[in-house]
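Subject: Structure handover

Hello,

The structure is placed below for your files. My notes on it follow.

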Amino acid sequence: MRWIKTTLPVLGPLRRAWGNSIRLRTMTITGIIAITMVTIMGALVLDRISSDLYSSRRDQALQDSARATLAVQSQMDTSDATDTSGLNALAGSVRSTVQGTSASQLIYVRRQANQLPSNIAPDDFSTSQQLVDAVSTDLSEALLEGNAPQYWQAVRLVDDEGNSSPGILVASTIVFPAGAGSYDLYIGYSFADVTKSIEFITRALIVMAVLLLLLLAVLVWAISSLVFRPIRAAASASHRLAAGETDARIPMQGDRHFDELSSNFNHMADTLQTRINELDQLSTMQQRFVSDVSHELRTPLTTIRLAAEVLRGQIIDENSTQARPVQVLNDQVDRFESLLADLLEISRYDAGPVTLETESTNLVLLTEEVVERLRPLSQSLIELRPLGGYSPIEVDARRIRRIVSNLVGNAIEHGEGKPIVVTIDSNAAAIAIGVRDWGVGMKPEDTQHVFDRFWRADPSRKRTLGGTGLGLAIAREDAAVHGGLLEVWSRLGEGTNFRLTLPRGDETAVFVSPVPLVPDDVVPDEGDPDVTGGWLRRPGRRVRRERNR
Amino acid sequence: MSARILVVDDDRALSEMLGMVLQGDGFDTVFAADGQAAIERFRESRPDLVLLDLMLPGIDGIEVCTRIRAESGVPIIMLTARSDTGDVVRGLEAGADDYVVKPFNPVELIARVRARLREPQQESGEKLRIGDVDIDVTGHEVRRGDQVVSLTPLEFDLLVILARKPQQVFTREVLLEKVWGYQYKADTRLVNVHVQRLRAKIERDPDRPTIVTTVRGVGYRAGATAE
C-alpha cells in the first residue's frame with residue numbers, strides 16, 4: 001500500500017476521477033478491451049499472413065533449387081571433363097548454371113566428407129562466406145544420410161547493404177563426373193522481399209488499429225454522452241427539487257426503463273408539491289386563525305385592562321378591602337397579556353415559515369442594552385464580558401433581543417442573588433452569547449426539559465419576574481430560524497450556563513461555538529458533553545427574509 | 001379648555017372604558033361605532049385628536065383615516081390588534097400619525113395622546129429655509145415659492161426638527177424620540193412612512209428628494225447630500 005501513498009500527488013486526482021466517474025471507467029475499460037482485442041486480432045492476422053507468405057516463398061525456393069540441381073546434374077552427366085582443369089571449368093559453369101536457372105545468387109558447393117580423396121576433385125567454392133558459416137551440421141548430416149533429394153534450414157542472410165533478413169538454405173547433392181565424387185550444393189534464398197511485404201502489412205495494420213481505436217473512443221464518448229444525458233437531466237432535476245424548486249421535473253427521454261424512473265420521480269415531485277402546497281395552505285389558514293383569535297381576544301382583554309385601570313384610579317384608600325383585588329386583577333391581566341403574546345408567538349412558529357426582519361446588528365451593544373434594562377430588576381451583579389463579536393451580524397434584532405432578555409431574566413430569577421456573567425465571543429464561523437449563573441442548577445433529567453413548553457423545574461419556587469413557561473421554547477425557535485442553537489449545561493448546586501450560538505452567513509452549515517458550553521470553573525465529569533459542545537449542525541427551518549434598510 | 005378626542009371603535013365596552021380612562025385624565029370624548037358615523041362625528045365635533053380602530057364595520061378604518069386626512073391635519077392614532085401585518089403600514093400611509101397595539105397599557109395610550117396634542121415649543125418669529133422651502137415656525141406655515149404647502153402638525157414637527165439643524169443627520173431612533181416622544185426603541189416604520197408623506201408634499205420630485213434626504217444606513221437630514 002506504500003506505493004499508493006508515494007504516488008498520491010500524481011495518481012491522487014486520477015484516482016479521484018476514477019472513483020467519481022462512471023464514464024471514465026466505462027471508457028477506460030472499453031479502451032483496454034478494445035486495445036487487447038485489436039492487438040490479439042492483429043497479431044493473429046499478421047502471424048497467419050506471414051506464415052503463409054513464408055511457406056509459399058519457401059515452396060517456391062525449394063522448387064527453384066530442385067530445378068537448379070537438376071540442371072546442374074544434367075550438365076555434369078553430359079560433361080566429358082576428366083582432369084582437374086576440366087572439372088574446375090565444370091565447377092565454374094555449375095556456378096553460372098545455378099545462377100542462371102535459379103533466382104538466387106548465393107551458392108556454396110562443398111565436397112562431401114565421407115569419400116576417398118581425389119586429386120582431380122575441384123575445390124569447394126562459395127559466392128559468400130556467410131553461406132559457409134551458415135551451414136549447420138544437422139543439415140549436412142541429413143543430406144549425407146537421408147534419402148530425400150532436398151533438405152533445408154532457416155538462416156539469416158545479410159545483403160550487401162548489411163541488412164539482415166530471414167531466408168532458407170536449400171541443400172541437395174550433385175555428383176561430379178570422372179569419379180571426382182559427390183558434392184553438396186547449397187543455395188541460399190533471402191526472404192527480404194517477404195519481410196518487406198510483412199513490414200508493410202504490419203504498418204498498415206497498426207495504422208488501421210489506431211484509426212479503429214480512435215473511432216471507437218469517439219463512439220464510446222458519444223454513446224456515453226447519449227446514455228448519460230438522461231442521468232444528467234435526472235440529476236439536475238433532483239438538484240433543483242432539493243433546492244426547493246418544487247416544479248422541477250425530469251423530461252421524458254424516450255427509453256422505457258428511464259421513463260419509468262422519470263415518471264416515478266415526477267410523480268414523487270408532484271406528491272411532494274401537493275403536500276407542500278397543502279402544508280402552506282394549512283399554514284396560511286393557521287396563521288389567519290391565530291391572527292383572528294388574536295384580534296378577538298385582544299379587544300376584550302383591552303377592555304378588561306382599561307376597566308381595571310379605571311378601578312385602580314378609584315381606589316383612594318390603599319388599605320381598603322377593594323385595593324388588593326384590584327391589584328390582583330391588574331397583575332393577572334398583565335400575566336394574561338404576556339401569556340397571550342407568547343402563545344401567539346409560539347403558534348406562529350408552529351404554523352410554518354416565519355418572516356425574519358434582519359438588519360446588521362452589533363450583538364455586544366444589543367446585549368449591553370438588554371443587561372442595562374434588566375439590571376434594576378436584579379439582585380445579582382451582572383457582569384458583561386465582551387471578548388469578541390463586535391462585528392455586526394445580519395439578524396432579526398427583535399428576536400435576538402428576546403432570546404437574550406429571556407436568558408438573562410432566567411439567570412436573575414434562578415441565580416439566587418449570586419453574580420451572573422454574560423460572555424460574548426466570536427470566531428470565523430459563529431458568534432455566541434453565554435449566560436452563566438451560580439444558582440441552584442438543575443438535575444440532568446430536568447436539564448433535558450428546560451426547552452419544553454410550560455415546563456417548570458421546581459413548581460414550588462416563587463417567581464419574581466414572572467414568565468409564561470414558553471420563554472425558552474420561543475427562544476430556541478428564535479435561535480433556530482437564524483440557523484443557530486440554544487443549549488444548556490447545568491449541574492445541581494453549581495449553576496446553569498445557557499449558550500446561544502449564531503452562525504455567520506447562510507452558508508455556514510457546521511460550526512463550533514466560540515464560547516464553552518461547560519464553564520471553565522467546573523470540573524467536567526462523565527455526564528458532561530464536550531467542553532466546547534463539539535460541532536454544531538445548523539437546524540433546518542423555513543424562513544422568509546425581509547431586510548430592513 | 002380640555003382637548004376633545006373622537007374615539008372610533010365598534011366594540012361598545014371598549015369605547016366606554018376608553019372614554020372613562022380619557023375622561024379620568026381630563027379629556028372630552030366623542031364616540032363613533034362605525035366608519036360612516038366616525039366621519040359625521042368628526043365634521044360635527046371638530047375633535048383635537050382621533051383614536052381610530054382599524055377594523056370597523058362599513059367603511060373601514062383606513063378609509064376613514066384617508067377621508068379625515070383629506071379635510072384636516074388632526075392627529076390620528078390607530079388602534080390595532082395586529083402589529084405584524086400590513087395594516088399598520090397601510091394605516092400610516094393613509095395618514096395616521098401613530099399607532100397603539102391592543103392590548104395596550106392605558107398609561108401608554110395617554111402618553112401617546114399627550115405627545116400628539118403637545119404644542120411644539122416655538123421661538124417667536126422663527127423662520128427657516130431649506131432649498132426652496134420657507135418655514136414660518138410661528139405662523140405654522142410652509143411655502144414653496146408662493147405656494148402654501150399644507151402639512152399635518154406631525155409632518156410640520158418633523159420638518160422643523162430636521163430644518164433647525166440643516167445637514168445634521170438624525171437617526172430614526174432620535175426622530176422617534178423628538179417627534180413622537182418614544183423613549184425606547186419603537187417601530188421605525190413610523191419614521192419611514194412619514195418621511196415619504198412629507199416628501200410627497202414638499203419635494204418637486206419625491207423620488208429624487210433634495211429637501212429631506214436619506215443617509216443610507218444612518219437616517220435622514222435636511223438639505224441636499226454632500227455628494
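In chain B, E3(B), helix H3 (residues 61-71) and E4(B) make a right-handed β-α-β unit. Right-handed means that, with the strands pointing away from the viewer, the path from the first strand over the helix to the second runs clockwise. Helices (H or I, at least four residues) and strands (E, at least two) are DSSP runs, numbered from the N terminus. This is a predicted model: local features need pLDDT of at least 70, side-chain atom pairs count only at pLDDT 80 or more, and totals for chains, interfaces and linings use all residues. Residues are numbered from 1 along each chain as its sequence is written, with chains lettered from A and ligands numbered from 1 in the order in which they are written.

Strand E3 (residues 49-53) of chain B runs parallel to E4(B), joined by 4 bridges (strands pair if DSSP finds at least two bridges between them). B:Leu51 has B:Ile77 as its bridge partner there. E4(B) is also joined by 4 bridges to strand E5 (residues 98-101) of chain B, again parallel, and B:Thr80 is partnered with B:Val101.

Of the 5 residues in E4(B), 5 are buried (20 or more other C-beta atoms within 10 Å of the residue's own, with C-beta atoms placed from the backbone). B:Ile76, B:Met78 and B:Thr80 cover one side, B:Ile77 and B:Leu79 the other.

In chain A, 5 strands form an open antiparallel sheet in the order E2-E1-E5-E4-E3. Strands E2 (125-126) and E3 (150-158) of chain A are at the edges with a single partner strand each, so one side of each has no neighbour in the sheet.

Regards

Definitions and conventions. A residue is buried if 20 or more other C-beta atoms lie within 10 Å of its own, exposed if 12 or fewer, and partly exposed in between; C-beta atoms are placed from the backbone.
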